[in-house]
Amino acid sequence: MFKTALLYPVLEEANLSVDNISRAGLSGRCAVSLGLHQQVHVSFDEASFRTAEVRWINGSRCGLLLEEALPWVPGEEPDANAAPEKYEPRGQRLTVNFFATLVTSAPVSIGTIRNMSLEGMMIEVGGGVSEGTRLLVKTRGQDVRMGRVQWASGGMIGVFFEPRRAAAD
C-alpha cells in the first residue's frame, strides 16, 4: 500500500532563539516575519521537524503551539476538552536558552510515496514541483524530513533527504 505524503515547499529558514518551552509549545525570537495562525516547522536537531502554529507575535518574539507534545519536557498539559467554566492552569513552562531551526513554507500539496529508502523517496505529485525545490516531507509514522527535489519527470519527483548532521563533540 502506498502512503500519502504532505509536501511543504520551503520558503525561509532561520534560527529561532528559544527562551521558554512547555510540553505543548515554545516562545523565542526569530528574524523571519510571521503571521498569526501561520503554520511553521521547527527542528531541535536540524534533521526532523515538528509542525507548529504561530499563536502570538510581539516584534521579533513569537509563541508557537506544537502539533504534537514534546515528550522530553516534564509536566502535564491542561485538558484541552475541559468544560469551559472550569479553570485549567496552563502547562508547566521552563526557561531555556538554545537555538532551533524555524522553517516557513508555501501551501502544502499532497503526493503519494511510490518507494522510499533511508536516503530519499520517489513521490507521485500532480505537478508544479520542480528540480532543486527544497521540501519538508511529512507522512504518518515517519519524521518530517527536509529534502531536495533531485529530478522531476512525468508527475513523479525524486526527493533526496539532506544528511543528518553529526553531533558536535
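Trp-56 is partly exposed because its relative accessible area is 35%, where buried means under 20% relative accessible area, exposed over 50% and partly exposed in between, computed with a 1.4 Å probe on protein chains only. Trp-56 has its place in strand S4, strands being DSSP runs of E with at least two residues and helices runs of H or I with at least four, numbered from the N terminus. Together with Leu-36 and Ile-57, Trp-56 makes a nonpolar surface patch of about 270 Å². Patches are made of residues with over 30% relative accessible area and no salt bridge, like charges being joined within 9 Å and nonpolar side chains (Val, Leu, Ile, Met, Phe, Trp, Tyr) within 5 Å; a salt bridge is a side-chain nitrogen of Lys or Arg within 4 Å of a carboxyl oxygen of Asp or Glu.

## Basis of the model

The model is predicted, so that local features need pLDDT of at least 70 and side-chain atom pairs count only at pLDDT 80 or more, whereas totals for chains, interfaces and linings use all residues. Residues are numbered from 1 along each chain as its sequence is written, and side-chain values use heavy atoms, with hydrogens and water left out.

## Overall architecture

The secondary structure of the protein comes to 0 helices and 11 strands. Of the 169 residues in the protein, 38% are buried. Among contacts between residues at least 6 apart in sequence, 58% join residues at least 24 apart, a contact meaning heavy atoms within 4.5 Å. The accessible surface comes to about 10000 Å², of which 50% belongs to carbon and sulfur atoms; accessible areas come from the Shrake-Rupley method with a 1.4 Å probe, and for residues only the protein chains shown count as cover.

## Nonpolar cores

The largest nonpolar core has 19 residues, and those with the most contacts inside it are Leu-16, Leu-26, Leu-34, Val-40, Leu-64 and Leu-102. Such a core is a set of buried Ala, Val, Leu, Ile, Met, Phe, Trp, Tyr and Cys residues joined through side-chain atoms within 4.5 Å. At least two residues of this core are supplied by each of S1, S2, S3, S4, strand S5 (61-66) and strand S6 (94-105), with the largest share, 4 residues, coming from S1. Apart from this core lies another, of 13 residues, among them Leu-7, Met-121, Ile-123 and Val-159.

Leaving aside neighbours within four places in sequence, Leu-34 is in contact with Val-40, Val-54, Ile-57, Cys-62, Leu-102 and Thr-104. Thr-104, found in strand S6, counts as buried because its relative accessibility is 3%. With residues up to four places away in sequence not counted, Thr-104 touches Pro-9, Val-10, Leu-11, Glu-12, Val-32, Leu-34, Gln-38 and Val-40.

Leu-11 belongs to strand S1 (residues 3-21) and counts as exposed because its relative accessibility is 56%. The C-alpha atoms of Leu-11 and Leu-135, residues 124 apart along the chain, are separated by 9.2 Å.

## Positive phi in two loops

Most residues other than glycine have a negative phi. His-37, which is not a glycine, has a positive phi of about 65°; His-37 lies in the loop between strand S2 (25-30) and strand S3 (39-43), and is exposed because its relative accessible area is 54%. Glu-46 likewise has a positive phi, near 60°, and is found in the loop between S3 and strand S4 (48-58), where Glu-46 counts as partly exposed because its relative accessibility is 39%.
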